[in-house]
Amino acid sequence: LTFVRKRNDLDQWILFFLSAVCAPAEKEKATLEEIIQLRGTYEQRIVGLGRRAVHARKLLLQLFASPVITVAQAAAELDTSVSTANTVINEMAQAKLLKEIKGYSRNRIFVLHEYLNLFSD
């Protein structure tokens with residue numbers, strides 16, 4: 001940066017700017033590739049849920065947009081009963097798709113934990 005100010009070296013300024021832009025873009029590209037790979041892994045796990053797979057797939061799409069959910073929210077999203085949503089969520093948790101946030105006996109909260117972990121440093 002000193003070269004740019006003192007010598008008016010435009011080439012150095014462009015290289016500095018490009019390096020500042022490229023590094024975050026490369027990280028985001030890697031994160032996107034990890035998301036695509038994780039989605040494939042999730043799809044394989046969902047296949048093992050049998051007849052609940054249709055609901056689980058629909059819920060998974062919602063979870064990629066909003067990775068935290070309650071059973072009541074899942075019931076609304078799936079347009080089904082709370083009991084059915086609870087069963088789907090429990091099966092997704094057993095398949096290690098979702099993780100329950102501890103501390104609640106009612107109104108349990110679940111997170112798509114592996115997905116969220118992709119965004120933490």
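Q: In which element is alanine 85 found?

A: Alanine 85 is found in helix 5. Helices are DSSP runs of H or I with at least four residues, strands are runs of E with at least two, and both are numbered from the N terminus. This is a predicted model, in which local features need pLDDT of at least 70 and side-chain atom pairs count only at pLDDT 80 or more, while totals for chains, interfaces and linings use all residues. Residues are numbered from 1 along each chain as its sequence is written, and side-chain values use heavy atoms, with hydrogens and water left out.

Q: What makes alanine 85 count as buried or exposed?

A: A residue is buried under 20% relative accessible area, exposed over 50% and partly exposed in between, for a 1.4 Å probe and protein chains only. The relative accessibility of alanine 85 is 0%, so alanine 85 counts as buried.

Q: Which residues is alanine 85 in contact with, leaving aside its neighbours within four places in sequence?

A: Contact means heavy atoms within 4.5 Å. Alanine 85 is in contact with Val71, Ala74, Ala75 and Thr80, neighbours within four places in sequence being left aside.

Q: How do you know whether the length of helix 5 agrees with its number of residues?

A: The expected span is 1.5 Å times one less than the number of residues. For the 13 residues of helix 5 (residues 82–94) this gives 18 Å, and the end C-alpha atoms are 18 Å apart, which agrees.

Q: Why are the buried residues of helix 5 said to line one face?

A: Those buried residues are Thr84, Ala85, Val88, Ile89 and Met92. Seen down the axis of helix 5, they fall within an arc of 130°, so they line one face of the helix. The arc is taken over the directions from the helix axis to the C-beta atoms. In general, an α-helix has 3.6 residues a turn, so residues three or four places apart point the same way. On the other side of helix 5, Val82, Ser83 and Gln94 are exposed.

Q: What do the buried residues of helix 5 pack against?

A: They pack against helix 3 (53–65), strand 1 (68–70), helix 4 (71–78) and strand 3 (109–111).

Q: What makes the term for helix 3 and helix 4 follow from their angle?

A: Helix 3 and helix 4 pack at an angle of about 110°, with their axes 10 Å apart. These two helices are therefore roughly perpendicular to each other. His55, Lys58, Leu59 and Gln62 in helix 3 meet Ala74, Glu77 and Leu78 in helix 4.

Q: How do you know where the buried residues of helix 4 lie around its axis?

A: In helix 4, Val71, Ala74, Ala75 and Leu78 are buried. They cover an arc of only 100° around the axis, which puts them on the same side of helix 4. Ala72 and Ala76, on the other side, are exposed.

Q: What makes aspartate 79 and lysine 96 count as exposed?

A: Aspartate 79 has 71% relative accessibility and so counts as exposed. Lysine 96 is exposed as well, with a relative accessible area of 56%. Aspartate 79 is found in the loop between helix 4 and helix 5, and its phi is positive, about 55°, although it is not a glycine. Lysine 96 is found in the loop between helix 5 and strand 2, and its phi is near 65°, a positive value in a residue other than glycine.

Q: What makes strand 1 and strand 2 the edge strands?

A: Two strands pair if DSSP finds at least two bridges between them. The open sheet of three strands has the order 1-3-2, with antiparallel pairing. Strand 1 and strand 2 (99–101) are its edge strands, as each pairs on one side only. Three bridges join strand 2 to strand 3, and isoleucine 101 has isoleucine 109 in strand 3 as its bridge partner.

Key: Axes fitted to C-alpha atoms, helices over the stretch in contact; angles between N-to-C directions. Parallel < 35°, antiparallel > 145°, perpendicular 65-115°, else oblique.
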